[in-house]
Amino acid sequence: MKYTLLAWFCLLLFCRSGFGQEPVQYTPNKINQFKFVPLPAIGSNPANGWMFGLAPSATWYMGDPQTTKLSNLVGNILYTTKKQWIFSVRSNIFLNENDWILVGDWRYFITSQPTFGLGSSSPNEPSQDPYFREPPGVLWGEQQMNFRLLRFYETVLKRISDSNFYLGIGYHLDIHSRIENFLNEPISAPEEVFTHNAYNLSNGFDTESYALSGLTLNAVYENRDIPVSPYERNFALISYKVNPTFLGSDQSSSTLLLDYRHYFNLSERRKRHLIGFWAYGNFLVSGKLPYMNLPALTWDMFGRTGRGYAQGRFRGESMLYSEVEYRFPLQKNKETFGGTLFLNANSFGNEFNQENLLNQVNLGYGLGLRVMINEKNRTTITIDYGFGREGNSGFYLNINESF
């Protein structure tokens with residue numbers, strides 16, 4: 001999610017202090033050099049407003065740092081100015097010599113956010129004649145939703161020989177409940193014309209709660225130097241997910257997720273001077289998904305797609321996303337401060353209103369400031385402002401690079 005900024009001065013003091021001495025020896029598959037920081041957190045984004053709470057984080061090695069990547073865990077206990085509660089734990093754990101990777105994403109939200117309909121051409125505001133689009137009788141434009149989300153994702157990946165390739169399996173569970181739809185505008189609309197309800201009813205889903213439970217088959221190429229803030233090389237993921245009813249899904253379905261990232265150095269001496277490229281696709285392959293489980297902007301694991309738009313601004317049965325970012329240092333010989341310029345594009349397609357993928361492409365762009373507070377691990381505070389189409393915009397405070 002686009003929401004965590006650890007308290008600047010507390011984190012700065014910790015990361016600069018050199019707390020803890022490095023052990024001389026490292027025990028394989030045991031926690032080494034463990035650092036836990038229970039810090040206050042302040043964050044902001046368009047979907048949540050300002051957020052306040054705790055953001056406990058931890059880093060450690062499961063083997064010798066010379067041959068094992070840094071493991072990390074980030075948690076959030078947040079309350080927002082939009083009266084939302086956000087609880088989450090996300091982790092990337094590299095076992096000794098990177099032989100296994102464990103990826104976790106656990107969340108519980110008592111939250112709200114607007115939805116705007118399906119596809120790439122949904123308008124910002126609801127029309128005074130709200131039934132102006134296909135299919136007839138369905139409201140398009142901003143519609144508010146209250147809901148609760150319970151998420152449990154856990155994936156185990158095994159390294160193939162001494163390569164950077166991994167294969168693995170995961171279990172993914174999403175339960176949406178206590179869903180309510182309403183309008184901020186004084187437009188009278190019965191429950192069944194809200195896009196969420198109309199879509200679910202037409203596809204045989206409940207409108208107040210539903211579950212999606214499935215297994216993923218995953219292939220990963222992990223070649224980045226430091227995954228949280230890479231300077232070079234690349235990353236790729238292919239994930240095929242099957243959601244059978246016997247595991248608890250309301251209906252059977254399958255999806256395909258593709259993710260590729262590449263980093264091109266512009267200077268051998270200053271590798272922080274680079275261009276990053278990100279391509280991302282999420283597709284419904286078979287069956288039907290409930291509305292809130294459809295591919296949507298900013299619902300990737302760390303919520304980094306779509307700067308310039310609010311979470312869930314665009315949604316559909318198929319999604320294409322790409323981004324290019326120019327990153328550069330702002331100091332001649334130090335790495336503390338850096339900057340970035342970014343440009344992204346997204347497109348969504350779905351059968352519900354007969355909009356094809358790439359019928360419309362929505363652009364986002366912006367700039368940002370980077371403050372590196374730990375050069376060894378490249379822990380970085382990121383501050384971005386993004387612009388989208390038709391007046392969409394957003395201010396984003398985060399920890400570590402967007403991709």
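The legends below describe views of a predicted model.

**Figure 1. Overall fold and dimensions of the protein.** The protein contains two helices and 16 strands. Along the principal axes, its C-alpha atoms fill a box of roughly 70 × 45 × 35 Å. Of the contacts between residues at least 6 apart in sequence, 62% join residues at least 24 apart.

**Figure 2. Surface and charged side chains of the protein.** The accessible surface comes to about 17200 Å², and carbon and sulfur atoms account for 61% of this area. Buried residues make up 57% of the 403 residues. The protein carries 35 positive and 35 negative side chains, with the centres of the two sets 9 Å apart.

**Figure 3. The aromatic pair W278 and Y280.** A search of the whole structure finds 18 aromatic pairs. One of them joins W278 and Y280 in an edge-to-face arrangement, at 6.0 Å centre to centre and with 75° between the planes. Both W278 and Y280 are buried. These two residues also belong to one aromatic cluster with Y263, Y321 and F403.

**Figure 4. The aromatic pair Y326 and F328.** The rings of Y326 and F328 form a tilted pair, with a centre-to-centre distance of 5.0 Å and 35° between the planes. Y326 has a relative accessible area of 31% and is therefore partly exposed. F328 counts as buried because its relative accessible area is 19%, the cut-off for a buried residue being under 20%.

Key:
Residues numbered from 1 in each chain as written. Predicted model: local features only at pLDDT ≥ 70, side-chain atom pairs only at ≥ 80, totals over all residues. Heavy atoms only, no water. Helix = DSSP H or I, 4+ residues; strand = E, 2+ residues; numbered from the N terminus. Buried < 20%, exposed > 50% of the residue type's maximum accessible area, 1.4 Å probe, protein only. Contact = heavy atoms within 4.5 Å. Areas by Shrake-Rupley, 256 points an atom, 1.4 Å probe, with all protein chains shown as cover. Lys, Arg positive; Asp, Glu negative; His and termini not counted. Charge placed at Lys NZ, Arg CZ, Asp CG, Glu CD. Phe/Tyr/Trp six-rings, centres within 6.5 Å; stacked < 30°, edge-to-face > 60°.
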